[in-house]
Amino acid sequence: MSVFKGEVTSLPPDKSISHRAALIAALSEGETEIMNFSAGFDNQSTLGVLAACGIPVRQEEVPGPWGAPVRRVVVSSRGLWSFTPPEGALQCNNSGSTMRMFSGILAGQPFQSKLVGDASLMKRPMRRIADPLRQMGAGVSLSPSGTAPVVIDGTRELKAIEYRLPVPSAQVKSLVAFAALHAEGETRIYEPLLSRDHTELMLGLESGVENGERVIVIPGRRPIAARPFQIPADPSAACFIVSLGLLGRGSEIMIRDVCLNPTRAAFIDILVRAGAAITIENRRTVGGEPIGDILVCGSAVMEPLSISDPQEVAWVIDELPMLGVLSAFMTERFELSGAAELRTKESDRIEALAVNLERLGFLCRQEPDGLSVTGRRLRPAEPVVVECFDDHRIAMSFAVAARACGEPIELSDSHVAGVSFPNFFELLESLEV
Ligand code: S3P
């Protein structure tokens with residue numbers, strides 16, 4: 001069992017907010033400065049597709065508030081229709097957010113474009129983006145199984161629609177919102193469950209509640225004035241460090257400047273409810289997002305995690321692999337249901353968790369929408385290879401357990417962590433006492 005202590009000031013900038021800042025900058029009139037942009041491969045893919053569509057992007061390292069350098073990105077644009085036809089296919093690599101959200105923008109541009117990705121992204125469902133964009137008047141074609149390549153025939157004549165999200169997906173909500181900015185008229189998006197709301201906050205969109213459903217209103221064809229963005233640290237990355245601290249009994253880690261938007265930080269409530277010693281200090285608001293410092297102390301006692309509330313599932317969708325691994329290693333128990341969406345991520349994360357936990361001796365049962373861990377037969381003596389399935393969060397979840405519990409785990413691919421957390425292994429090492 002290892003012990004971890006220290007102050008984390010170099011957590012990756014939030015991945016979701018970084019994507020949106022770059023895309024909104026490309027839709028704005030003027031020069032946008034984004035401070036503390038993420039160096040993760042996914043966010044770099046978004047900058048790559050912008051550059052390929054003729055949007056000038058500059059990146060440099062500048063001194064950050066904690067001493068270490070941070071990334072400053074400057075995007076120049078002339079507004080909603082500044083994009084030029086790309087020469088070849090737009091490469092989104094592992095980034096579903098890039099492919100889906102950028103499709104909304106391309107639907108409003110008067111040319112054809114094609115989006116592709118790596119082996120993991122080429123398997124992910126894309127009908128959820130084709131349906132609303134076709135309703136708005138764009139042409140969208142997919143593979144026969146509803147996956148990429150996504151070919152978009154954009155148009156200057158997009159129409160506003162009323163759209164009810166069939167799945168609680170912030171990516172789908174955002175792509176409809178980005179397309180709606182180009183459309184004639186006012187688009188209304190209905191959300192039965194609230195998904196992460198960064199796009200609405202960053203665009204200053206009006207939202208309300210109608211018959212128990214959240215509705216977001218997007219007026220079309222209004223110019224957007226460039227404004228600076230400051231990106232807080234990523235709560236989904238913080239979840240790995242929090243879990244490290246909880247697994248390492250006697251640990252004490254302070255994590256600075258983390259985004260605590262309620263649609264992103266619900267994993268903290270779940271852990272506190274289970275008895276974890278986590279406190280939030282120094283709460284404040286930056287750029288419309290609540291942020292704060294997280295203090296985590298390794299505690300011996302924690303109840304098994306049981307997650308089934310659909311709203312809660314939506315708010316911890318990216319943290320579920322780590323929460324599952326944490327609960328299994330701390331309590332030999334875990335219960336998850338209502339999480340079918342977890343099968344549509346960078347990998348089928350229910351399958352990935354079950355396969356790897358079973359290899360490590362845990363007793364698991366998979367359901368179409370969840371998974372339960374009911375005990376552990378044995379602790380392996382020989383090294384076990386964890387299959388990462390091209391999925392950064394699967395790799396990092398098991399890496400945390402390996403480091404904190406001294407489990408003999410080898411990752412099939414550790415490089416994939418760089419998708420969202422380039423300094424992950426370095427940080428784990430620096431925190432170990
Ligand atoms: C994201 C939304 C979520 C999440 C993904 C990032 C976003 O996906 O899993 O990592 O930035 O909007 P869905 O919108 O498909 O649920």
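The following legends describe close-up views of a predicted model.

In this predicted model, local features need pLDDT of at least 70 and side-chain atom pairs count only at pLDDT 80 or more, whereas totals for chains, interfaces and linings use all residues. Residues are numbered from 1 along each chain as its sequence is written, and side-chain values use heavy atoms, without hydrogens or water.

Figure 1. S195 belongs to the loop between β10 (186–191) and α6 (198–203); helices (H or I, at least four residues) and strands (E, at least two) are DSSP runs, numbered from the N terminus. The relative accessible area of S195 is 2%, and the residue is therefore buried (under 20% relative accessible area, with a 1.4 Å probe and protein chains only). Beyond neighbours within four places in sequence, S195 is in contact (heavy atoms within 4.5 Å) with P168, S169, A170, K173 and T263.

**Figure 2. The two domains.** Domain 1 covers 15–220 and domain 2 covers 232–431, with bounds from an automatic or database domain assignment. Their C-alpha centres are 27 Å apart. Contacts link 23 residues of domain 1 with 28 residues of domain 2.

**Figure 3. Area buried between the domains.** About 2,200 Å² is buried between domain 1 and domain 2, with 52% from carbon and sulfur atoms; buried area is the accessible area (1.4 Å probe) that two parts lose on being put together, summed over both. K15, F41 and R196 supply 26% of the area that domain 1 buries against domain 2, more than any other three residues.

**Figure 4. A salt bridge.** The side chains of E346 and R124 form a salt bridge at 3.9 Å, N to O (a side-chain nitrogen of Lys or Arg within 4 Å of a carboxyl oxygen of Asp or Glu). Three salt bridges are counted between domain 1 and domain 2.

Conventions. Buried means under 20% relative accessible area, exposed over 50%, partly exposed in between (1.4 Å probe, protein chains only).
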